[in-house]
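Here are my notes for when you have the model open. Have a look at it first, then go through the points below.

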Amino acid sequence: QVQLVESGGGLVQAGGSLRLSCAASGGTLRYYVMGWFRQAPGKEREFVGAISQNGGTTDYADSMQGRFTISRDNAKSTVYLQMNSLKPDDTALYYCAAANTIYSSTVYTTRSRYAAWGQGTQVTVSS
């Protein structure tokens, strides 16, 4: 099973940017749909975005569209989440996840379809 480790979180002021990284090991990354999720205190874990196996397609939740960008480098076994124009409401623990399945909205938005999860990296946005 692929193992995932997130990094790059931290404290940033509103309007700032962060780039999160998700490093994978123990599997061939190009076989996996990669997703990003986040969970804020007192809220359910929510879908942020996903990227297809070859990086040709990305999709985002409406609240992240236009501000967040997912990319991947399969040769480096790493997936990235670039976050711009950050808002205090973006404060959350951010997780990356891997799903060994087809790239479809019925899969990449569904938490149960992801077999591997990282431990998360904290993003805190101050007002």
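What order do the strands of the open sheet of 4 strands have?

1. The order is S1-S3-S8-S7, with antiparallel pairing. Strands here are DSSP runs of E with at least two residues, numbered from the N terminus, and two of them pair if DSSP finds at least two bridges between them.

2. Strand S1 (3–7) and strand S7 (68–73) sit at the edges with a single partner strand each, so one side of each lacks a neighbour in the sheet. On average, neighbouring strands of this sheet are turned by 15° against each other, direction ignored; the axes are lines fitted to C-alpha atoms.

3. S1 pairs with strand S3 (residues 18–25) in the antiparallel sense, over 5 bridges. One to look up: Ser7 has Ser21 in S3 as its bridge partner.

4. Before the side chains, a caveat: this is a predicted model, where local features need pLDDT of at least 70 and side-chain atom pairs pLDDT 80 or more, while totals for chains, interfaces and linings use all residues. Residues are numbered from 1 along each chain as its sequence is written, and side-chain values use heavy atoms, without hydrogens or water.

5. Now Arg38, which lies in strand S4 (residues 33–39). Arg38 has a relative accessible area of 6%, so it counts as buried (under 20%, with a 1.4 Å probe and protein chains only).

6. The Arg38 side chain makes a polar contact of 2.7 Å with that of Glu46 and another of 2.9 Å with that of Tyr94. Such a contact is an N or O pair within 3.5 Å, one atom able to donate a hydrogen and the other to accept it; residues adjacent in sequence count only if both atoms are side-chain atoms.

7. Leaving out residues up to four places away in sequence, Arg38 also touches others, including Val48, Met64, Phe68 and Asp90 (heavy atoms within 4.5 Å).

Note on methods: Buried means under 20% relative accessible area, exposed over 50%, partly exposed in between (1.4 Å probe, protein chains only). Axes are lines fitted to C-alpha atoms, for helices over the stretch in contact, and angles run from 0 to 180 degrees between N-to-C directions.
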